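Student: Hi, could you walk me through this structure?
Tutor: Happy to, let's take a look together.

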Amino acid sequence: QVQLVESGGGLVQAGDSLRLSCAASGRTVSTYRMGWFCQAPGKEREFVAAIRTGGSTYYADSVKGRFTVSRDNAKNTVYLQMNSLKPEDTAVYYCAVSRGGSYNVVTSYDYWGQGTQVTVSS
């Protein structure tokens, strides 16, 4: 069973940076496409970023130029570097594993972490 544990969230001011980590079980990170999603209270879970096993990355329009997704296969960990944070980035951020399908939709992902809270004040 794939297990994912996110960490690195916190309370920051607008313009600050955070680095989220997603520690995965087994060889998950090197084997499957990994994604980051966020969910604010009362909102649907939304796509943030994804990275393929070959290294290609994809981003939601709202985070392009600010966020960077990367991985460390040796540590079986995926990261989300979040720069120039805005109050509208406030949400719970989830790491997820996809075995196929469109990279930017929730239904393409089979395993999810517990989430880590990111709060950006103005």
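Tutor: A disulfide joins cysteine 22 to cysteine 95, with 2.1 Å from S to S. Keep in mind that this is a predicted model.

Student: How many disulfides does the structure hold?
Tutor: The structure holds one disulfide. The link of cysteine 22 and cysteine 95 is left-handed, with -75° about the S-S bond.

Student: Is cysteine 22 buried or exposed?
Tutor: Cysteine 22 is buried, because its relative accessible area is 0%, under the 20% cut-off. Cysteine 95 also counts as buried, at 0% relative accessibility.

Student: Okay, and what about cysteine 38?
Tutor: Cysteine 38 is in no disulfide. The nearest cysteine sulfur belongs to cysteine 95 and is 14 Å away. Cysteine 38 is buried as well, with a relative accessible area of 12%.

Student: New topic! Which residues are on the covered face of strand β11?
Tutor: In β11 (residues 116-121), Thr116, Val118 and Val120 make up the covered face. Gln117, Thr119 and Ser121 are on the uncovered one.

Student: How many bridges join β2 to β11?
Tutor: Four bridges join strand β2 (residues 10-13) to β11, and the two run parallel. Glycine 10 stands opposite valine 118 there.

Student: And what about β9 and β11?
Tutor: Strand β9 (residues 91-98) pairs with β11 in the antiparallel sense, over three bridges. Valine 92 has glutamine 117 as its bridge partner in β11.

How values were computed
Residues numbered from 1 in each chain as written. Predicted model: local features only at pLDDT ≥ 70, side-chain atom pairs only at ≥ 80, totals over all residues. Heavy atoms only, no water. Buried < 20%, exposed > 50% of the residue type's maximum accessible area, 1.4 Å probe, protein only. Pairing = 2+ DSSP bridges. Disulfide = S-S within 2.5 Å.
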